[in-house]
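The structure is shown first.

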Amino acid sequence: MDVITIGDGMITFNPVTTGPMRFVEKYIKKVGGAELNFAIGCARLGLKTGWISRLGNDEFGRYIYNYVRGEGIDVSQVKLVDGYPTSLNFKEIMEDGSGRTFYYRNDSPTFTLTPEQLDEDYIKQAKLLHVTGVFPAIGGQNFQVIMKAITLAKQNGLLISFDPNIRLKLWSKEKAKESLLQFLPYVDIVLTGEEEADILLGETDHKQVIKKFKSFGAKYVVIKQGEKGSIGSYLDEYFEAEAIKPRKVVDTVGAGDGFDAGFIYGVLNGWDLNRSLRFANAIGAMVVSVSGDNEGLPYYEDVLAFLGEKEVVER
Ligand SMILES: O=C(O)C(=O)C[C@H](O)[C@H](O)CO
């Protein structure tokens, strides 16, 4: 296994029309979840990927399970549980691709996952564990599950990557900060947005953000800036990667997860910082031009074609 992640999988209802959700009449059933999108991104790039989760023992849970397995992701650590319906998420999308999400996941099936259920043998066969702030924000024992997972991962020599993914619909800035700072001493690779860095560190200056995350022990710090590109630092190196223009912005959800998958792909393949950042930027740009949280995640060759590094035969 190359990569393992832990998360809540959701049925995402994407609106067929743009504009305020109260006027949307039709939705398309899709699949979402930050860590799950990341797993799909990794699997499509060719990394051997595992997803640890709990889904409802219902039609939606079965659908997500099969969807994830269909992407070639290892689902041996996913269980369908009774008494907790699979989480839902309705999306509102505006003309420019931006939007809001409305969660129905108050008692997520992941609340049945306990720290004791984590399988150390499963974790230790991977190279990297990826965690984000979404899973602990949902509630239950999810925070304790992540603390246990990163402890086991560290003891077994895995790299740990972390995206704060702070969802203020799920918890307050104060609670997010108090909880997520506890992960930092274990983290090797930080993949953050600018606002999230400000919430966690009270810092907006890029160089200071990098310095502060590194003071906890991170080797890589990446600041994702959306349409402005990304900034990264590895040990003493520093690089600013220009944004890559998407063909069109249709739906911005999932771009950050795709970016993370691209950057981790680069790290695990020993690429230099600028190559990893450019590759990750390309994936972010590809994700936003497709509707859905993970449909736009590319295969490896698709990224090369998008970057103009591989010839495309169209017909
Ligand atoms: O996982 C969540 O909380 C979501 O909102 C689902 C989305 O697929 C995810 O946030 C995208 O990062």
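A polar backbone atom of G33 lies 3.0 Å from an oxygen atom of the ligand. The side chain of R167 places an N or O atom 2.8 Å from a ligand oxygen, and for a polar side-chain atom of D293 the distance to a ligand oxygen is 2.6 Å. A polar contact is a pair of N or O atoms within 3.5 Å. The protein buries 96% of the 320 Å² that the ligand exposes when taken alone (Shrake-Rupley method, 1.4 Å probe).

The model is predicted: local features need pLDDT of at least 70 and side-chain atom pairs pLDDT 80 or more, whereas totals for chains, interfaces and linings use all residues. Residues are numbered from 1 along each chain as its sequence is written, and side-chain values use heavy atoms, without hydrogens and water.

## The surrounding shell

The ligand is surrounded by 14 residues, the closest being N37, Y103, R167, D257 and D293 (a heavy atom within 4 Å). This shell comprises five nonpolar, five polar and four charged residues, with Gly counted as polar.

## Aromatic pairs

The structure holds 14 aromatic pairs (ring centres within 6.5 Å). F13 and F60 form an edge-to-face pair, 6.1 Å centre to centre with 70° between the planes; edge-to-face denotes planes over 60 degrees apart. Because F13 belongs to strand β2 (residues 10-15) and F60 to helix α2 (residues 59-70), the pair ties together parts 47 residues apart in sequence; helices (H or I, at least four residues) and strands (E, at least two) are DSSP runs.

Notes. Polar contact = N/O pair within 3.5 Å; in protein donor to acceptor, adjacent residues only side chain to side chain. Phe/Tyr/Trp six-rings, centres within 6.5 Å; stacked < 30°, edge-to-face > 60°.
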